[in-house]
Every structure is written in structure tokens, then in C-alpha cells.
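Here is a friendly walk through one protein model, written for someone who likes to know the cut-offs behind the words. Please have a look at the sequence and the structure first.

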Amino acid sequence: MTEHSPQPVQDTDAQDPGHLAAELRVAVMRTSRRLRAEAATGELSPGRYSVLAGLGEGPRTVGQLAAREQVQAPSMTRIVNDLAAVDFVSRSENPLDKRQVLISITAAGSAALRQARSLRTAWLAQRVAALTPQERSTLHEAALILQEMSA
């Protein structure tokens with residue numbers, strides 16, 4: 001085991017769903033927080049990154065974006081305004097409801113999103129490269145299980 005690896009858990013701890021759930025929650029949250037920090041730039045904070053990622057699925061209204069990000073509409077309007085100021089999003093009239101404005105990701109926004117994802121992946125790849133082959137195999141199995149659990 002590498003020196004940065006956590007201490008092995010006792011079999012009884014690994015078999016207890018509550019204990020394992022708590023360990024996973026902490027590990028996933030710490031990793032997620034670190035990944036967000038690694039890709040944060042002056043123009044693309046974690047919140048802005050999340051909005052751009054959501055727009056990768058297609059245009060959305062400010063209300064839809066706010067609901068997706070679990071923030072109030074005025075907060076989302078500020079984020080959208082900031083993203084528009086750096087040409088990462090554009091606004092257009094909703095063809096189905098002329099009263100609404102659709103927010104779309106621009107080519108510059110897509111490029112910034114790809115760059116942030118690349119930074120996150122590079123940071124994680126560096127950490128994974130330091131693991132033993134057995135640890136990488138275990139992590140691969142865990143990643144597949146986590147994807148299945150969250151599907």
C-alpha cells in the first residue's frame with residue numbers, strides 16, 4: 001500500500017453498511033471538493049463550471065438552471081450575467097414561449113468547460129499514477145460500483 005493510503009479497515013467495519021456509507025461520503029466529498037478547486041480559475045469558479053456543464057445538455061431558462069443548481073433565480077441571474085460577460089453563454093428568445101429567455105453555452109464556454117475538465121482529469125490521473133497496480137484495480141472496481149449505484 002502507498003504511504004498516502006488510508007489504514008485498512010477491519011472486516012467488520014467494511015461489512016457494516018452504515019460505517020461504509022460514512023467512509024464513502026467523506027471520501028467522495030473530499031475528492032469532489034479537491035477536483036473543483038483544481039479546475040477553478042478566475043473566470044470559471046466551481047459554480048460557473050456546474051452551470052456550463054448543465055448547459056452542455058442543451059439550452060435552459062434561468063429558472064431551470066436555478067432549480068438544477070438549487071439556488072434562487074436572482075443568484076442564477078448573476079451567474080448567467082457573469083458568464084455572458086466573458087462570452088461563455090448567450091441568450092436567445094424561447095421559440096415556445098416568447099416571454100422566456102433561453103441560455104445556451106457558446107463555443108468559448110465549451111472550450112472553458114473542456115479545459116476545466118482536462119485540469120480535473122490531469123490532477124486525478126497524477127494521483128492515480130502514484131498508486132500500486134492492485135490499488136488501481138481496486139479503484140477501477142470501486143468506480144464501476146459507484147457509477148452503478150448512482151445510475
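## Overall layout

Among contacts in the protein chain between residues at least 6 apart in sequence, 48% join residues at least 24 apart; a contact here means heavy atoms within 4.5 Å. This is a predicted model, in which local features need pLDDT of at least 70 and side-chain atom pairs count only at pLDDT 80 or more, while totals for chains, interfaces and linings use all residues. Residues are numbered from 1 along each chain as its sequence is written, and side-chain values use heavy atoms, with hydrogens and water left out.

The protein chain contains seven helices and two strands, arranged along the sequence as α-α-α-α-α-β-β-α-α. The protein chain has a radius of gyration of 19 Å, well over the 15 Å that the globule rule gives for 151 residues, so it is more spread out than a compact globule. That radius is taken over C-alpha atoms, and the globule rule is 2.2 Å times the number of residues to the power 0.38. The C-alpha trace spans about 60 × 30 × 20 Å along its principal axes. Helices (H or I, at least four residues) and strands (E, at least two) are DSSP runs, numbered from the N terminus.

How much of the protein chain counts as buried? Of its 151 residues, 24% do, where buried means under 20% relative accessible area, exposed over 50%, and partly exposed in between (1.4 Å probe, protein chains only). The chain exposes about 10,200 Å², with carbon and sulfur atoms supplying 56% of it; accessible areas come from the Shrake-Rupley method with a 1.4 Å probe, and for residues only the protein chains shown count as cover.

## The two strands

Strand 1 (residues 89–94) and strand 2 (residues 97–105) pair in the antiparallel sense over six bridges, pairing being called if DSSP finds at least two bridges between two strands. Valine 89 stands opposite isoleucine 105 in strand 2, and arginine 91 stands opposite isoleucine 103 in strand 2.

## Salt bridges

The structure holds six salt bridges, each a side-chain nitrogen of Lys or Arg within 4 Å of a carboxyl oxygen of Asp or Glu. Three of the pairs are listed here.

| Pair | N to O distance |
|---|---|
| Arginine 48 and aspartate 82 | 2.9 Å |
| Arginine 68 and glutamate 69 | 2.6 Å |
| Arginine 99 and aspartate 97 | 3.0 Å |

Aspartate 82 is partly exposed, at a relative accessible area of 34%.

Arginine 68 is also partly exposed, at 39% relative accessibility. A network of salt bridges links Arg68 and Glu69 with Glu57 and Arg60. Arginine 99, by contrast, counts as exposed at 74%.

## A nonpolar patch

Leu20, Leu24, Val28, Ile145, Leu146 and Met149 make a nonpolar surface patch of about 500 Å². Patches are made of residues with over 30% relative accessible area and no salt bridge, with like charges joined within 9 Å and nonpolar side chains (Val, Leu, Ile, Met, Phe, Trp, Tyr) within 5 Å. Helix 2 (17–39) and helix 7 (133–150) each supply at least two residues of this patch. Valine 28 is found in helix 2 and is partly exposed, with a relative accessible area of 44%.
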